[in-house]
Amino acid sequence: MLLVAVVHLLPAACLHAQDTAHVLDEVDVLSRKLPATGKSVVPVQQLKKETISNLNSLSVADAVKYFSGVLVKDYGGIGGLKTVSVRSLGANHTGVMYDGIMLSDVQGGQVDLGKISVDNIDEISLYNAQPGNNLCQPARAYAYASVLQLKTGLPAFKSPEKVKLNAGIKTGSFGLINPSATLHYKWSGKLYSSLSTEWQKIKGEYPFTLENGDSTKTLNRINSNIHALRLELDNRLIITDSNKVSIKAYYYDSERGLPGAVILYSNAFSAQRLWDKIFFLQGNWQKQTGKSHWLFSAKYNYIYNHYLDTLYPNSTGRQENVYTQKEYYLSGAYAYQVLPYMQLSYAADFIAGKMHADLHNFAYPVRYTVLNAAAARFTWPRLEVQGSLMHTTVNENVKSGAEPGNQGRLTPTVALSWQPVAALPLRIRAFYKNIFRMPTFNDLYYTNLGNTNLRPEYAKQYNLGITWQQNVKGFVQALSVTADAYYNRVTDKIVAVPRQNLFLWTMLNFGRVDIKGLDAAAQLYFAPIGKVQLFLRGSYTYQHTQDLSTPSSDSYKDELPYTPKHSGAVNAGMEYKAITINYNALFSGSRYRLGDNIAYNRLPSWSTQDVTVAYRLPAQQYGDWKISFELNNIWNTQYDIIKYYPMPGRSFRLGLNCKL
Amino acid sequence: MRKHVWKWLLPVVLLINACSKDDDGPTPPAVKPTSGLFILGEGAFGSNGAMVTYYDLSTSTASGDIFKQENGIALGDVANDAITYGAKMYIAVNNSNKLVIANAQTTKLIISISITLPRNIISYKGNVLVTSWDNKVSVIDTATLTVTKTINTGLNPEGLAIQGNYLYVANSGGLNFPDYDKTVSVIDVNTWAETKKITIGPNPQKVGINSLGQVLVSSFGDYTPANPPKIYILDGSNNTLKDSITTPVSDMTVFNDTIYAYYTEYDENFQIKGIHYPVIDSKTKAIVRNNFITDGTVITYPYGISVDESNGDVYITDAKNFINTGEVFCFDRNGKLKFKFSVSPAVGPKKVLFLR
């Protein structure tokens, strides 16, 4: 998860392995600086490699904090769980696509973005509803309330070049050592391989301030060390721009301590350890001929988790569990340009997922999912309308215990983008989406918790927004402003409720939540002042959530836990010759740690500010070298995102990166 | 940080009619009327939200988190049990690994003793006895406030009681699912040595005594039809299992030979089928009343039951959903609601202590 500051000046075609020519058309309309997202029928936010490298981010979780509408549940430290909730729908409603194919975790349903390095990521895009730029995509892309797309890419090879190397090392506070290297090899004009590897070791012990009423103590976070290895091999066969095959093998292996919540007075420390192994092999082939566009995808996914607590007070003095899950995935998609303004598509996906756990009387579930999605898209110069209909069939088999009923569900999405006045770069966009998430295997089968009677949890979304993207003359050269108001309703929300005694909980379709919000973002590009180039980007989120689960409850109509009404991010950049300086700030308003919105549960607002300075050594024959220095949390702000999971204070990182 | 609202609600003078008692003597038999209540709130696991709420019976006002008001620091994480004995209050703060000892009338902290995962507390002849999940009972001398003895028990001991010359400890093995402990440790109070283990049903929890010299032990069972929850009756004269009461209970307290209990019943879809408040004569096993509550009062999630010895009032705490602040319901001996109050901001109210 090295923060390698690499600026690949790539031809757009290489970057957009999954995109159609459509996106390239959009780019031409605007200044090349402006994001190609203003015409999208659904809200989309994007970070390109050069921006990501300036956001002081090791993992994708750090980077997406700069998107509006996104709350990252961060349990602190480097190895702590980091999940993303988009528009307060909860982590299970966001799909994460890695090079065009969905990552999956059938056990918990949430992808830990803290485990995904930004080191070799070229582009991070967050789509509300579903990726709206392309009809030819797997049916699974339609199956979530929002989709986070991560893309890796190829650098540009100058004609005689065969090898491209991008290597770097990071070190810094908390005992960080993080070397990484990506080697790109051009076998021929059509076949490319990329081997990306990264190793990360962090001691992770950082000081934090523990407030306890009138007393304040400085303590050290312990058992938060991690070491992780990532190996990634990509093979890309680019026969033509419209006929490409790519195959990826991915391996991640880590061991980490789980420091747990900070417990007052206790001298005992957490002895919980977690070993993770993730392996997947995926490939896709996309072909475009005339009016037809095909995309075939396949994936094998394997996840291994080993949990150990050597201070658990049972008869053996330890709790140890091994969980494994496997998924087989096949997808075919076809899109056809029926008329110049009309495209139709159909996609079918098959997913088989199964799980093993050494739990008492475990069910050993196998889930077969078939997704069928039909979509239509109508494009006129100033109006675009998209609609899709998704059918989901879920069939589940278990070895022991009760079997949940089979599911068959039909869910629609409609979206449009309209430019009311041809002379104005203003577009109005709107979407409606109704989608659900299936109960996870933990929800259904976890010992003394799971409930096989669970129904899917539904999320209904309504969105109305505007975009304004313009190149202007004057000090501000280009600007992009977006604002989207939305209303979401979650029904049959799956929550844990206690049963009989506190050792026995059950998952129930209990909750109903209303979410009203506003996402706003702006990007400004300024004319150079002498040799100084400036850049400013900001995002703001307003959210008002209401728990409507139980009218008689004290928390009825109260805000959801850990959901600030106001939050935002700013990132400003300056380039002067070989020096780049970036300033990043995050802000979160006050919020409640529990659903009961009483003063005791209110957590104070916080903000953090980071600075990065990078210096590019003058070009020389031994490659392009860059040194970077990051100062994170400059004012040593002591804050928790999740109460009693303290976040790190001031820290630094020093990086060296080389491109050959 | 914003000032918390309840700070302003704290009465300036907490206890006007409070009397002090000698530490080392047993409580006098005549029970004085209750002037106020202390309610122990467990707090959610990992939230450091253990609290004591004070409720003044003469003004009907509740003061939240008075331990923090009095001491400037929080009580800790997950407070499972508390008693008052003499002039002191003893609080088992489970996940903070502490037995907190405080002034019984003001909750002013006196000292905290390290005990690993303490659970339940009783008093006996100038000592307090504390079960802890590391398979022990600790004996604490209330004069010196030090641990004078630790006694090994079965797995994850919970409730405990003394009948005659023996201490009875319910060994739950509650953290050993599915292989729960099924025994009660019998410990000689003169030597503090375990003399035997009596096997009952899985996951023993609460221990009470009656005037027949019997020991009553509730068991959760193992959530299978073969081993449902039950109350086991031990004969204190020969320390054997004598009988059982098949009425399932989640929690119970024994007062004047009568068992007051509650039990939440679920259907196969995990929906609440009914909440029962059985009243049982422990001497005859006869169910006195199927439902203690006679006025239709609804409690969301009963989580603790205590009886005021001075007047027989029954207090049932409501933990709601363990997220929202809880409530305390006071019923007269006939099961009619006398009053109720919120323990805001405390979560998971459990034990009620009576200030006299």
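A residue counts as buried when its relative accessible area is under 20%. In this predicted model, A:Ser125 has a relative accessible area of 0% and is therefore buried. A:Ser125 belongs to strand β6 of chain A, which covers residues 123-128.

The aromatic residues come next. Over all chains, the structure holds 41 aromatic pairs. One of them is formed by A:Phe629 and A:Phe652, whose rings are stacked, with 6.2 Å from centre to centre and 20 degrees between the planes. A:Phe629 lies in strand β32 (residues 624-632) and A:Phe652 in strand β35 (residues 651-659), both of chain A, so the pair ties together parts that are 23 residues apart in sequence. In contrast to the buried A:Ser125, A:Phe629 is partly exposed, at a relative accessible area of 36%, and A:Phe652 is partly exposed as well, at 37%.

In chain B, ring pairs join B:Tyr55, B:Tyr315, B:Phe339, B:Phe341 and B:Phe354 into a cluster.

Aromatic rings also take part in arrangements with lysine. In chain A, A:Lys299 lies over the face of A:Phe280, 4.2 Å from the ring centre. In chain B, the charged end of B:Lys350 is placed over the ring of B:Tyr303, at 4.3 Å from its centre.

Note on methods. Residues numbered from 1 in each chain as written. Chains lettered and ligands numbered in written order. Predicted model: local features only at pLDDT ≥ 70, side-chain atom pairs only at ≥ 80, totals over all residues. Heavy atoms only, no water. Helix = DSSP H or I, 4+ residues; strand = E, 2+ residues; numbered from the N terminus. Buried < 20%, exposed > 50% of the residue type's maximum accessible area, 1.4 Å probe, protein only. Phe/Tyr/Trp six-rings, centres within 6.5 Å; stacked < 30°, edge-to-face > 60°. Lys NZ or Arg CZ within 6 Å of the ring centre and 35° of its normal.
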